[in-house]
Amino acid sequence: MTVYKRNYRSYSGPVTPMRWRWLVITRHSLAEVFGSRVSVVLFVICMVPALLSAVVIYVANSETARLLLNMRGPAMTIIDNRFFFRLLELQGWLALFLTAWIGPAMVSPDLTNGALPLFLSRPISRAEYVAGKLLVLGMVLSAVTWAPLLLLFGIQAQLAQGWLWPNLYIVPGLIAGGLLWIAVLALLALAVSAWVRWRIVATGLIVALVFIPAGFGAVVSGVLRTPWGLVLNLPYMLTLVWSHLLRTPIGWRREPLPLSAAWIALIAVGALCLIMLNKRILARQVVRG
Amino acid sequence: MLNGLRGVLKGRAIGLLGPNGSGKSTLINTLLGFHAPSRGTARVFDLDIRQSSKEIRAAVGYMPENDAFIANMSGIRYVRYMAELAGLPPEQAMERAHEAFFYVGLGEVRYRKLGTYSLGMKQLAKLAQAIAHGPKLLILDEPTNGLDPLARQRMIQLVREIRDAGDMRLLISSHLLRDVDETCDEVLILKDGRIAAICDLEEERRSNRKFIEMETIGADQEFSEAVQALGCECAVFGHGRMKVVMPDAVEIRDLYTVAAKQGVQIRRMDHRRDSLEDIFLNAMEGKATGAAHDRL
């Protein structure tokens with residue numbers, strides 16, 4: 001019988017496992033993200049440096065390519081931990097702008113018109129809802145940060161004989177560094193999305209929350225002549241951790257802060273975002289006025 | 001805040017009544033596991049809300065009181081999404097979403113974005129998402145909120161159809177007594193977070209059908225005795241007014257026959273109308289009605 005002629009009937013077919021049902025949120029949100037042309041364009045732009053780096057790695061390892069490009073002598077670019085560090089920094093910035101665009105559309109549409117209680121009236125907990133949304137950002141941002149860098153590492157290892165083993169420590173460094181930045185960005189984006197209804201404002205706020213405290217921290221450091229103002233500088237904190245993970249020197253004018261300060265600052269930011277989410281991701285409808 | 005709630009609800013369609021702030025929505029939220037009870041517990045389909053919250057929610061369809069939609073999403077995708085979250089595989093969820101949309105009468109607008117729906121359409125879309133996965137219990141929180149008379153009639157008709165189909169039980173919270181009267185067979189009345197009355201409306205309606213109030217001309221002791229001889233209980237008041245409680249075997253036409261034989265004119269005959277409003281008002285005043293009293 002055609003659908004429109006059917007009457008109501010109960011459902012007795014198969015059901016999906018309850019444990020993995022929160023992944024439905026991830027799947028639908030991912031489809032929502034890539035349903036936007038702007039998001040797709042931004043995503044492609046984020047891939048450009050990684051693609052160019054692949055060319056650089058190839059040229060650096062191929063004498064023939066260098067000759068064809070009229071580049072005589074040894075390769076000008078050295079593919080080492082500093083190369084991957086700089087690339088991670090660049091991809092990290094791009095990931096910030098990508099997050100600023102896609103992040104605000106994560107929670108806000110579910111909250112604006114009260115759809116959240118419908119999600120949570122299914123066998124989905126608040127934590128699973130947040131996990132489902134975090135995974136979306138995690139997947140998209142991984143695809144523009146540590147995943148392509150890992151691929152580049154693989155290409156370099158393939159092209160340069162004997163390069164792999166001395167540089168193997170870069171792999172966990174890239175993964176951990178990338179995931180750390182993704183976690184901070186994703187939590188920040190979800191927290192902002194949960195509290196700010198307007199997309200453009202939320203986009204601006206995500207970027208502002210990275211830059212404004214950094215500026216304020218710089219003023220504090222300048223006035224009080226202390227490096228501790230850098231604690232408010234989220235990119236610097238990340239740089240500190242990445243430098244440690246990728247064993248690169250810290251290129252900073254001032255005396256660097258201890259690594260533990262960076263970890264504490266990052267954990268504090270994450271905890272603050274979780275508190276903000278906890279206040280807003282509620283099952284019941286709260287009607288004001 | 002709910003306090004001292006103790007009772008069993010077994011009706012196929014249970015109405016939840018009470019003034020604003022009496023705890024109707026809190027009770028629904030508690031049953032859905034949104035609020036953890038500070039003391040005591042409740043069981044839905046023999047599942048404890050403290051231990052089996054997810055299993056309960058898997059068996060429930062919930063239509064909240066206020067707006068609950070994603071404005072930028074098409075109706076069909078929204079219902080499919082919710083059905084998938086309830087556990088249906090994607091293909092079945094899509095098929096059931098189409099079915100649900102046609103069932104509630106929104107088949108033609110199912111590809112439109114929810115933000116463009118009228119209030120009545122949004123209410124029906126909420127109903128569609130609540131029934132798409134075929135729940136065992138359907139919780140409707142103020143289902144006719146903000147609807148015009150036609151849309152309200154349509155919603156009530158749908159709720160009745162769902163009730164009569166017998167596939168799921170209903171819990172309908174409303175402050176509109178008429179909605180509950182037209183759709184429910186049992187009612188729980190709350191006041192200040194406590195049970196004011198539990199009333200089996202079917203039983204009440206049955207007993208009302210047996211209770212007759214009459215105005216007559218010429219009725220006397222002889223007529224009263226003749227009516228009692230039929231097996232009825234009878235009380236005579238002044239000016240020919242009588243109240244009669246009929247046993248199941250006696251029909252109204254038997255009363256007319258007796259009256260005709262004795263030359264008594266029956267000028268008015270009414271079934272007792274102890275309406276839901278009376279039950280509600282009595283409960284608010286702290287009095288218990290017949291059926292309600294039995295259950296408390």
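The structure is a predicted model. Chains A and B meet through 32 residues of chain A and 38 residues of chain B. The largest nonpolar core holds 153 residues, and chain B also carries an open sheet of 6 strands.

**Where the chains meet**

- On the chain B side, at least two residues each come from α2 (53-58), β4 (60-63), α3 (75-85), α4 (90-103), α5 (119-131) and α6 (149-165).
- Among these elements, α4(B) gives the largest share of the side that touches chain A, with 6 residues.
- Sorted by class, that side of chain B has 21 nonpolar, 10 polar and 7 charged residues.

**Nonpolar cores**

- In soluble globular proteins, nonpolar side chains tend to be buried together.
- Within the core of 153 residues, the members that touch the most others are Phe84(A), Leu185(A), Leu190(A), Val79(B), Ala128(B) and Leu170(B).
- Helix α9 (residues 170-195) of chain A provides the largest share of this core, 15 residues.
- A second, separate core has 14 residues, including Ile212(B), Val227(B), Met246(B) and Val264(B).

**The sheet in chain B**

- Its 6 strands follow the order β4-β5-β6-β1-β7-β8, with mixed pairing.
- At the edges stand β4 and β8 (194-200) of chain B; each has a single partner strand, so one side of each lacks a neighbour in the sheet.
- On average, and ignoring direction, neighbouring strands of this sheet are turned by 15° against each other.
- Strands β1 (residues 13-17) and β7 (residues 186-191) of chain B pair in the parallel sense over 4 bridges.
- Leu16(B) has Leu188(B) as its bridge partner in β7(B).
- Helix α5(B) lies across β4 and β5 (137-141) of chain B and runs at about 170° to β4(B).

**A helix pair in chain A**

- Helix α2 (residues 37-61) and helix α8 (residues 146-159) of chain A pack at an angle of about 10°, their axes being 10 Å apart.
- This angle is why α2(A) counts as roughly parallel to α8(A).
- From α2(A), the contact uses Met47(A), Ala50(A), Ser53(A), Ala54(A), Ile57(A), Tyr58(A) and Asn61(A).
- From α8(A) come Pro148(A), Leu152(A), Ile155(A), Gln156(A) and Leu159(A).
- By class, the contact of α2(A) with α8(A) has 9 nonpolar, 3 polar and no charged residues.

Definitions and conventions
Residues are numbered from 1 along each chain as its sequence is written. Chains are lettered from A and ligands numbered from 1 in the order in which they are written. This is a predicted model: local features need pLDDT of at least 70, side-chain atom pairs count only at pLDDT 80 or more; totals for chains, interfaces and linings use all residues. Two residues are in contact if their C-beta atoms, placed from the backbone, lie within 7 Å. Ala, Val, Leu, Ile, Met, Phe, Trp, Tyr, Cys and Pro count as nonpolar, Asp, Glu, Lys and Arg as charged, and the others, Gly among them, as polar. A nonpolar core is a set of buried Ala, Val, Leu, Ile, Met, Phe, Trp, Tyr and Cys residues joined through C-beta atoms within 7 Å. A residue is buried if 20 or more other C-beta atoms lie within 10 Å of its own, exposed if 12 or fewer, and partly exposed in between; C-beta atoms are placed from the backbone. Two strands pair if DSSP finds at least two bridges between them. Axes are lines fitted to C-alpha atoms, for helices over the stretch in contact, and angles run from 0 to 180 degrees between N-to-C directions. Angles under 35 degrees count as roughly parallel, over 145 as roughly antiparallel, 65 to 115 as roughly perpendicular and the rest as oblique.
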